[in-house]
Amino acid sequence: MEIDKAIGESDDKRLKTKYNNAIFVIKRALSLYSIEEVTFSFNGGKDSTVLLHLLRAGYFLHKKELSSSNGGLSSFPVRTIYFESPSAFTEINAFTYDAAQTYGIQLDIIRQDFKSGLEALLKANPIRAIFLGVRIGDPTAVGQEQFSPSSPGWPPFMRVNPILDWSYRDVWAFLLTCKVKYCSLYDQGYTSIGSIHDTVPNALLSVNDTSSKEKFKPAYLLSDGRLERAGRVKKNAALKNDVGSDSQNHEVLLASVIAVGDEILSGTVEDQLGLSLCKKLTSVGWSVQQTSVLRNDIDSVSEEVDRQRSICDMVFIYGGVGPLHSDVTLAGVAKAFGVRLAPDEEFEEYLRHLISEQCTGDRNEMAQLPEGITELLHHEKLSVPLIKCRNVIVLAATNTEELEKEWECLTELTKLGGSTSLMESKRLMTSLTDVEVAEPLSKLGLEFPDIYLGCYRKSRRGPIIICLKGKDNARIDSAVQALCKKFKEGVFVDMK
């Protein structure tokens, strides 16, 4: 079989592993279900084209094992369905019908929407499983495994996803290695094809040319797979990542800070990041409700994240991020939201650009992110994007210098203090005793409920420092004047 032979002769170890894993899934499905009980949903796209040839190879190898025959594959008996749409590119339709003729495929043309078409198909045929070209990163991939039952409300069938863990790079490595035909649009700069209404050539493949007609390089020359969908037109895109949106219920936004690391708890390392992060959050008007330090334990991280995310507008967590056995932060965050860790193709591409010589295996554990809830926050100053899981920000900083850069990028990307006025503050120092200032400060708090009053000493015998914070400088000045009137002149010194 030409596909199996081409992969076998390839030097690409990653591609061989991906191929073998996909073939295993296909052969497993063909063992579980009869040929009459399976179907293949073909749409003419690159992922679907990969799956077509994997199915041809998988069926050939499955039959070879059963019959010990070395004969060729004269036809493709797996029922194949094609949802024909008036909004499909003519090139997609042409390629689909050409592929059917070339490989002896009997197409079942369905001219209904996907759900209605499946309902009619399954009602008329004993189909129990459908092969799909779904990859992690696709909108429909959330929560799916290689074998996943259909979603509630849909007709019952098993979704079989042989290329679920394949990346953009893997897809093109397969197509080019096997030298199979694919839709001509991919040679015209299209990298992800939807309908004629939402798909354009990827601008990143544009070629500078003196002619009036814009030209594009082929899709397989896109070096950065995370930008595969840059050719999809986004309609009515809402502003994302704005954690300071008007929908917040709190006048002052609430935050919590979580550090993960046994080395902090043992006193081996002094945690400077928490102190710095609290100062930064306070400076943009956030109120830090709690800081905590957790040991390297998934359940401990999960429980704390789950508790804090429910009471705070944003949770910031750092430490325990990486490929080591002690790096449990992302697994804990995933568990807190009740999702699994799954390969993130976009993040993997970033890592591949950053540490390409170390990405030798078929699976990069550092690219496993909480599935369906992760948003990558890109910034040109960051070598890898920040990770945002709903209202949890995962910071990768290991020192204050790295935190400074991440914070700068984060505030630009999320408008972190966008809907809150920056907090104003004033500090007063006095040699008065605690007893002398206790009652006047309590009364001042009642007079100025919008002003935060804090007191502390740097040493037991040192002076008391009174901190007043609020959003209105004039109100702070009024509070200071009211406090000073309660005592003799010169009792308080303004600390500028």
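Reader: Is phenylalanine 114 buried, partly exposed or exposed?
Author: In this predicted model, phenylalanine 114 has a relative accessibility of 34%, so it counts as partly exposed.

Reader: And how many aromatic pairs does the structure hold?
Author: There are 13 aromatic pairs in the structure. One of them joins phenylalanine 114 and tryptophan 154, whose rings are tilted, with 6.1 Å from centre to centre and 55 degrees between the planes.

Reader: Where do phenylalanine 114 and tryptophan 154 lie?
Author: Phenylalanine 114 belongs to helix α5, which covers residues 114–124, while tryptophan 154 is in the loop between β5 (147–149) and β6 (158–160), so this pair ties together parts that are 40 residues apart in sequence. Tryptophan 154 is partly exposed, its relative accessible area being 34%.

Reader: Switching to tryptophan 172 and tyrosine 186, why is that pair edge-to-face?
Author: The pair is edge-to-face because the planes of the two rings stand at 75 degrees, with the centres 5.6 Å apart, and planes over 60 degrees apart count as edge-to-face. Tryptophan 172 sits in helix α6 (residues 168–178) and tyrosine 186 in the loop between α6 and β7 (206–207), so the pair links parts that are 14 residues apart in sequence.

Reader: Are tryptophan 172 and tyrosine 186 buried or exposed?
Author: Both tryptophan 172 and tyrosine 186 are buried. They also belong to one aromatic cluster, which is formed by Trp172, Tyr182, Tyr186 and Tyr220.

Reader: New topic: what sits over the ring of phenylalanine 337?
Author: That is the charged end of arginine 309, which lies 4.2 Å from the centre of the phenylalanine 337 ring.

Definitions and conventions. Residues are numbered from 1 along each chain as its sequence is written. This is a predicted model: local features need pLDDT of at least 70, side-chain atom pairs count only at pLDDT 80 or more; totals for chains, interfaces and linings use all residues. Side-chain values use heavy atoms; hydrogens and water are left out. Rings of Phe, Tyr and Trp (its six-membered ring) pair if their centres lie within 6.5 Å; planes under 30 degrees apart count as stacked, over 60 as edge-to-face and the rest as tilted. Helices (H or I, at least four residues) and strands (E, at least two) are DSSP runs, numbered from the N terminus. Buried means under 20% relative accessible area, exposed over 50%, partly exposed in between (1.4 Å probe, protein chains only). A charge sits over a ring if NZ of Lys or CZ of Arg is within 6 Å of the ring centre and within 35 degrees of the ring normal.
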